Amino acid sequence: TNSAAAPTRPQSGSASLLSARNATLESSHVHVLTMERPLGHYERYSLSRTLVGMPPALAFVATLPTAPQRSDVVQAIAVLLRRYPLLSCVVTDTRTTSPKFVAREFSAEEVVKVDATRGDGGGTTEEALLAGLGEAKRIDVEEGPLWRVLYEPSSESARIVLAANHTVSDGAGCKALLAELVLLIYHPEEIRIDTAGPTMALTMESSVDVRPPVLLLLREVFLELVAPRLPAFLQPTPSLPIYPSPALVTPHNQPTALRLAMFPSTIVAALKAAGAAHGVATIQPILHTCVIAALVTSSSALPGPHNFIIGTAISLRDPSLHPPATGNYVAALMTSTTSSPLSSDFWTLTRAYAKRLADPKERAWAKGTMGMLAYIPDGIEEGGTRWEAFLRKKMAAENPWMDSAGLSNLGAVRMPLDRVDVAWAQAAPAVGCFSLNVRKSPLYRVRVEER
């Protein structure tokens, strides 16, 4: 239950706005919560990534047209802490088979950090994103809070950097959290009363059917448990490499870099028009085929063939079941393309991917892969659980790649005021090569994080 007093919706007029701000400030240091719940399987997977030294970090940067007062930022964070209980949680029993979220008393002051040295031209957007990723990676999930807000004011504008560990929210949830944060900073009159009181976001498996199809379950059991014990002549033929060359350094030991490609809205409109003329309704399939073309081109001089696997994140967040922010409701649709000479028809590949992306059976299969997390062998081992041992084995494998590239498209990021530029990035996984993180508003940006 939440014993902190909820702010009252203000009446019209400047006096009521001041009253709302004061009420929020007075309650911003009181977050007495007695809530807890077990981590869902994907949340536990994110925890295991953190425990093996590869925390799944998310960072969003919003460049604001004016510089709000620090107190405005603090008050907005205080509202979000009350609105979304997971934001006030830590993770306990981290090295057991039953980790759980437990609410703690966090003030907004413990979430926000101010850096006035970077605001006045003191860094690029890429540097701000890297700072956000670094902040997210340093989060101690046992101490909390599981998210941070870096505030970088300047004389004429400001940056807000939202950093989070993936255990507390997926990308779509963080996008919504950033939009609410900006809204509350500039429009405190939007503070609403939740008469029923806040509730913790549900786990994915308790609210989404992620049971794996029987065929998927049998295949994974065979590959992971049966095949390694078979005589060599009975073992399945090794799959084609999913990256053109072996890793000189394992992914988890490689440095992080960010690259930004920014496309004017005119080019995006032209791409959409070209797609529509070829039976493709959205830009996502076009980006997907561009990634394949880039991989094929870059590896054309290397011995082949190769099997390029692109993982596409799809959101499973349901407004009727899940809050706008916090919680993890995401799956990955994996698309496999065997390399061939650059004579393949671009639009044939693009239409095929678009069809797969919309196919209910394909999406059910993608959800089932998330359900497979429940079948990771569990138990206590020295230094943690068998989940961490499973990840360490994957990270150190001779062929550590899970996919050739990951493509996460959050679509339009709608802010509650004009002239807010938003960029985002996430830490590349320890078993992947590239993460391409896309957003639109008002420009289309593709971010590539290399491992």
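1. Overall make-up. The protein chain contains 12 helices and 16 strands.

2. Burial and surface. Of the 451 residues in the protein chain, 51% count as buried. The accessible surface of the chain is about 20600 Å², and carbon and sulfur atoms contribute 58% of that area. Among contacts with a separation of 6 or more, 77% are between residues 24 or more positions apart.

3. Confidence. The mean pLDDT of the protein chain is 82, and 80% of the residues score at least 70. Among the elements, strand β3 (residues 89-92) has the highest mean pLDDT, 98, whereas helix α1 (residues 14-27) has the lowest, 39.

4. Where pLDDT is low, the predicted coordinates should not be read in detail.

5. The nonpolar cores. The largest nonpolar core comprises 79 residues, and I77, W147, V149 and I160 have the most contacts inside it. Helix α5 (residues 171-186) supplies the largest share of this core, with 9 residues. A second, separate core has 16 residues, among them V280, L295, F308 and V438.

6. Surroundings of I160. Which residues does I160 contact, leaving aside its neighbours within four places in sequence? The contacts of I160 include F60, V61, A62, L64 and V73, as well as V149, L150 and Y151. L178, L181 and I185 are also in contact with I160.

7. A136 in helix α4. This residue is found in helix α4, which spans residues 125-137. A136 has a relative accessible area of 1%, so it counts as buried. Beyond its neighbours within four places in sequence, A136 is in contact with A57, L58, A163 and A164. A136 and A59 are separated by 77 residues in sequence, yet their C-alpha atoms are 7.4 Å apart in space.

8. A nonpolar surface patch. F263, I267 and L271 together make a nonpolar surface patch of about 220 Å². Of these residues, F263 lies in strand β8 (residues 257-263). Why does F263 count as partly exposed? The reason is its relative accessibility of 31%, since the partly exposed class lies between under 20% (buried) and over 50% (exposed).

Methods: Residues are numbered from 1 along each chain as its sequence is written. This is a predicted model: local features need pLDDT of at least 70, side-chain atom pairs count only at pLDDT 80 or more; totals for chains, interfaces and linings use all residues. Side-chain values use heavy atoms; hydrogens and water are left out. Patches are made of residues with over 30% relative accessible area and no salt bridge: like charges are joined within 9 Å, nonpolar side chains (Val, Leu, Ile, Met, Phe, Trp, Tyr) within 5 Å. Accessible areas come from the Shrake-Rupley method with a 1.4 Å probe; for residues, only the protein chains shown count as cover. A salt bridge is a side-chain nitrogen of Lys or Arg within 4 Å of a carboxyl oxygen of Asp or Glu. Helices (H or I, at least four residues) and strands (E, at least two) are DSSP runs, numbered from the N terminus. Buried means under 20% relative accessible area, exposed over 50%, partly exposed in between (1.4 Å probe, protein chains only). Contact means heavy atoms within 4.5 Å. pLDDT is the predictor's confidence in each residue, from 0 to 100. A nonpolar core is a set of buried Ala, Val, Leu, Ile, Met, Phe, Trp, Tyr and Cys residues joined through side-chain atoms within 4.5 Å.
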